Amino acid sequence: MKREEVAHHLETFDPEIYNLLEEERQRQRYTLSLMPNMNAMSPFAKYLEGSILTNSFFDRSDETPTGGLHLDAIVRERAKQLFHSDHAIVRLGNIVAASRVVFQALLAEGDMVLSLNLRKKDHVAGLSYRFENYGIEPGTQEIDWGAVREQAERVKPRLIIFSPVSFPRTIDYQILYEIAQTVDAYLWVDISQSVGLVASKLVPSPVPLADVVTFSTRDSLRGPDGAIVLTKTDLAARMDAAVINTGHEALHMNHLAALGVVLREAGSERYASYAAQVVQNAQVLARTLADHGASVLCGGTDTHLVLASAAAGIDINAAVKAISQMGMRVKLDTVPTMNSGLFLHALRLSTSNPTTRGLLEEDIAYIGSLLAKPLTTVLTSEQIEATRKEIVALVKDAPLFDDEWMGDSEN
């Protein structure tokens with residue numbers, strides 16, 4: 001049955017679900033997402049996700065060219081080659097599952113974890129570890145590595161985590177490695193939202209130094225919902241055992257094939273051009289917001305991420321509500337600092353999805369000027385509606401995935 005016929009029958013058979021589908025189609029087309037964890041899936045991956053592979057069963061005993069073990073080996077090898085890793089685990093359902101695998105492979109009950117912005121603490125429900133936060137200095141909005149080293153020497157963590165979900169600058173991973181070595185701690189870096197930039201060598205890779213590197217396979221990679229764990233040879237057996245013992249092994253052939261193709265795409269010249277455009281767009285967004293009076297944290301960005309806050313006297317929660325009414329989706333975050341109890345409130349903005357839709361620097365500058373309005377002044381309902389129409393006019397003809405970013409046919 002053709003796709004159009006299926007849609008027609010679904011509308012008749014289950015109008016409640018069909019209407020939800022149509023509402024989501026309209027939302028994605030006529031609004032603009034600047035959320036870091038949202039991006040359109042690669043058309044290749046989307047095709048494989050809905051392909052006949054959905055009917056396939058992962059049979060460990062099947063070593064034929066169409067069997068699961070063969071496909072698993074292909075995907076693992078692509079992950080290892082792309083990131084120059086010793087070992088890769090690719091059959092994980094999501095980043096939470098990957099995180100729990102890492103915790104249970106490396107730590108014992110009661111072990112201390114030193115984590116940037118307390119990242120991963122929300123992934124350990126039912127597990128007993130102690131967490132200490134490290135973060136940016138509230139005044140400079142930079143990380144004081146000397147202070148982090150002193151903190152590590154004081155609390156003696158068994159594991160140090162760097163997961164820069166709310167930190168838009170690059171770092172020298174040698175510093176973190178040396179701190180971890182000093183206190184005999186494992187070093188774990190999660191690169192979920194910037195993994196594509198790492199693959200394209202636009203930002204430094206932690207793989208040569210970190211004991212474990214994890215990342216989500218959606219968002220930046222534009223793949224299916226899943227996760228990958230990269231680790232060194234001496235930890236490979238422990239990680240593999242933790243995957244099996246915790247029941248976090250995903251066995252879906254269609255997901256695995258979709259993941260394989262996005263890893264191939266991430267190594268292509270076309271993807272490198274896409275990733276470079278993401279960074280250029282982010283830098284334009286940061287400059288435009290600053291030029292129009294909004295507050296930009298950390299002095300700008302080196303990645304896909306821009307942290308923006310409201311000008312003095314503007315309620316950021318009211319600004320977020322106005323931005324939503326204007327047709328832009330954003331995420332408000334609370335960023336911990338090195339001062340206990342002192343938090344910074346900022347929008348975590350990403351240019352990954354706008355770039356996937358084909359928007360370039362001029363478009364992003366325009367978006368930045370519109371986004372700055374509710375961050376710097378209180379808008380009337382008429383002004384919000386006028387801006388919403390401007391956003392619709394900008395994105396209504398923009399594809400959800402621009403053909404410009406399709407993988408190179410020669411690769």
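This is a predicted model: local features need pLDDT of at least 70, side-chain atom pairs count only at pLDDT 80 or more; totals for chains, interfaces and linings use all residues.
View 1. The closest N and O atoms of the salt bridge between Lys120 and Asp190 are 2.9 Å apart. Because Lys120 lies in the loop between β3 (112-116) and β4 while Asp190 belongs to strand β6, the pair ties together parts that are 70 residues apart in sequence.

View 2. Strand β2 and strand β8 (residues 227-231) pair in the antiparallel sense over 4 bridges, and Ile89 has Val229 in β8 as its bridge partner.

**View 3. Strand β10 and its two neighbours.** In strand β10 (residues 305-309), 5 of 5 residues are buried, with Leu305, Leu307 and Ser309 on one side and Val306 and Ala308 on the other. Strand β9 (residues 295-296) pairs with β10 in the antiparallel sense over 2 bridges, and Val296 has Ala308 as its bridge partner. Strand β13 (residues 343-350) also runs antiparallel to β10, joined to it by 4 bridges, and here Leu307 stands opposite Arg348.

**View 4. Asp333 and Arg348, a salt bridge between strands.** The closest N and O atoms of the salt bridge between Asp333 and Arg348 are 3.1 Å apart. Asp333 lies in strand β12 (residues 331-336) and Arg348 in strand β13, so the pair ties together parts that are 15 residues apart in sequence. Asp333 counts as buried at 17% relative accessibility, and Arg348 is buried with a relative accessible area of 6%.

**View 5. Arg158 and Asp184, a salt bridge between loops.** The side chains of Arg158 and Asp184 meet in a salt bridge at 3.9 Å, N to O. Arg158 is in the loop between α6 (145-155) and β5 (159-162), and Asp184 is in the loop between α7 (173-182) and β6, so the pair ties together parts that are 26 residues apart in sequence. Arg158 is partly exposed, with a relative accessible area of 28%, whereas Asp184, at 58% relative accessibility, counts as exposed.

Terms used: Residues are numbered from 1 along each chain as its sequence is written. Side-chain values use heavy atoms; hydrogens and water are left out. Two strands pair if DSSP finds at least two bridges between them. Buried means under 20% relative accessible area, exposed over 50%, partly exposed in between (1.4 Å probe, protein chains only). A salt bridge is a side-chain nitrogen of Lys or Arg within 4 Å of a carboxyl oxygen of Asp or Glu.
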